Amino acid sequence: MEAVARLNNVPTSTRKMRLVADLIRGKRVGHALSILKFTPNHGAIKLDKLLLSAVANWQAKNPDEKLEEADLYVKTIFVDGGRMLKRLRPAPQGRAHRIRKRSNHVTLIVDSFNSTEVTADEVETTEKSN
């Protein structure tokens, strides 16, 4: 069973956060946490806390299962653009340049490898063997 964690209005541009999110997509949780710990980008700190929150959400959904036996991995992570603060900076000859302070929204979904969901590929292979 999967668990979702969301982080809204992170004051970082979407492009910078996607660079860090691409590092952990599809990785196991332990490996992803170690990658984020040693990544120097500022977004890695936020994603580290978000990943721990997703694991805590998974534990709350599955109180009878042990975390060590679950074999969790990052199923989905995506970064969307958030609100944009528009500011004005003085420019030469009495003009003004617009400064856009960007933010983003991050959604992270954690799932276990040994879940009982059956994929279409597994059904197709069992039908061919019969």
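This is a predicted model: local features need pLDDT of at least 70, side-chain atom pairs count only at pLDDT 80 or more; totals for chains, interfaces and linings use all residues.

Reply: Residues are numbered from 1 along each chain as its sequence is written, and side-chain values use heavy atoms, with hydrogens and water left out.

Me: At what angle do helix α1 and helix α3 pack, and is α1 oblique or parallel to α3?
Reply: Helices (H or I, at least four residues) and strands (E, at least two) are DSSP runs, numbered from the N terminus. Helix α1 covers residues 14-24 and helix α3 residues 43-61; their axes, lines fitted to C-alpha atoms over the stretch in contact, lie 9 Å apart at an angle of about 55°. Angles under 35 degrees count as roughly parallel, over 145 as roughly antiparallel, 65 to 115 as roughly perpendicular and the rest as oblique. The angle of about 55° therefore makes α1 oblique to α3.

Me: Which residues make the contact of α1 with α3, and how do they divide by class?
Reply: Contact means heavy atoms within 4.5 Å. Met 17, Val 20 and Ala 21 take part from α1, and Gly 43, Ala 44, Lys 46 and Leu 47 from α3. Ala, Val, Leu, Ile, Met, Phe, Trp, Tyr, Cys and Pro count as nonpolar, Asp, Glu, Lys and Arg as charged, and the others, Gly among them, as polar. By class, the contact has five nonpolar, one polar and one charged residues.

Me: Are α2 and α3 roughly parallel or roughly antiparallel to each other?
Reply: The axes of α2 and α3 are 9 Å apart, at an angle of about 160°. Val 29, Ala 32, Leu 33 and Leu 36 in α2 meet Ala 44, Leu 47, Asp 48, Leu 51, Leu 52 and Val 55 in α3. These residues divide into nine nonpolar, no polar and one charged. From the angle of about 160°, the two helices are therefore roughly antiparallel.

Me: Which residues does Leu 47 touch, not counting residues up to four places away in sequence?
Reply: Leu 47 is one of the α3 residues that meet α2, and Leu 47 also takes part in the contact with α1. Leaving out residues up to four places away in sequence, Leu 47 touches Met 17, Val 20, Ala 21, Leu 36, Ile 77 and Val 106.

Me: Is Gln 93 buried or exposed?
Reply: Gln 93 is found in the loop between β3 and β4 (96-101), and has a positive phi of about 60° although it is not a glycine. Buried means under 20% relative accessible area, exposed over 50%, and partly exposed in between (1.4 Å probe, protein chains only). At 72% relative accessibility, Gln 93 therefore counts as exposed.

Key: Axes are lines fitted to C-alpha atoms, for helices over the stretch in contact, and angles run from 0 to 180 degrees between N-to-C directions.
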